[in-house]
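Q: Take a close look at one part of this model for me, please: how its secondary structure is put together. Keep it chatty, but spell out the cut-offs.

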Amino acid sequence: MLLENIGTSVLVSEKQLPELHQLMVEAASILNIEPPDLYLRQSPAPNAYTLAIRGKKPFVVVHTSLVELLSRKELQAVLAHELGHLKCDHGVWLTFANILTLGAYSVPGLGSLIAERLQEQLFLWLRAAELTCDRAALLVARDPKVVISVLMKLAGGCPSMADQLNVDAFLEQARSYEKASSSPVGWYIRNAQTRQLSHPLPVLRAREIDEWSRSLEYRSLLKRVKWVNSVQNV
């Protein structure tokens, strides 16, 4: 993957896409982490991901379609989300969990059952990790609507209609989902819908980040965060 990105993507730097580079540097400064390498890759699927390789500098890849879809503040929130994975060493724990699950499959008898249970817990952990990184995005953006707007656009946004999307309406949609899934039958369907997902549903992520933005924990963390404001009005 490292060679593929070097060979097929554009490495962002002070001389190459400097605006994007600055967004990364600022987000990394706020989260107190060394900036990873950043690559921009041509792709119609809006996405971003992080890879940390032992002995190599970690890197983040952003797809061109994501850059076209988001505002600069939203794009920096995405970069902060990816930095959250590095800050929390999620890659290390994911590797450990995968090895543990694969090892369970080799155990005679109940090995398969144990592995399936471990895999289910792994997906649960992955979803929790994504919520953690959404919080990292909020610490950089300092505006829950920016983070929620990213989630909304990833769920159903397009550049030509982005200005018509409404964050408050999307939050109301999230509350409707929560209400619909609160019954025993709704809870069962929701659990079946999400148990094999590596990412929480966008509406659930929106609701979680909205609730956390009003918490004492978030306000306490804000007091400790170094602030850089070059994209406040973008």
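A: Two strands count as paired if DSSP finds at least two bridges between them. Strands (E, at least two residues) and helices (H or I, at least four) are DSSP runs, numbered from the N terminus. Keep in mind that this is a predicted model: local features need pLDDT of at least 70, side-chain atom pairs count only at pLDDT 80 or more, and totals for chains, interfaces and linings use all residues. Residue numbers start from 1 along each chain as its sequence is written, and side-chain values use heavy atoms, with hydrogens and water left out.

Four strands make up an open, mixed sheet, ordered 1-2-4-3. Strand 1 (10-12) and strand 3 (48-51) are the edges, each pairing on one side only. On average, neighbouring strands are turned by 25° against each other, direction ignored. (Axes are lines fitted to C-alpha atoms, for helices over the stretch in contact; angles run from 0 to 180 degrees between N-to-C directions.) Strand 3 pairs with strand 4 (residues 59-63) in the antiparallel sense, over four bridges. In that pairing, Thr50 stands opposite Val60 in strand 4.

Helix 2 (residues 18-30) lies across strand 1, strand 2 (37-41) and strand 4, and runs at about 140° to strand 2. Helix 4 also packs on the sheet: it touches strand 2, strand 3 and strand 4, and its direction makes about 25° with that of strand 3.

Most residues other than glycine have a negative phi. Asp89 has a positive one, near 55°. Its relative accessible area is 43%, so Asp89 is partly exposed (buried is under 20%, exposed over 50%, partly exposed in between, with a 1.4 Å probe and protein chains only).

Arg142 has a positive phi as well, near 60°, in the loop between helix 6 (111-141) and helix 7 (144-156). At 32% relative accessibility, Arg142 is partly exposed.

Helix 7 brings Val147, Ile148, Leu151 and Ala155 to the contact, and helix 10 brings Pro202, Arg205, Ala206, Ile209 and Asp210.

Conventions
Contact means heavy atoms within 4.5 Å.
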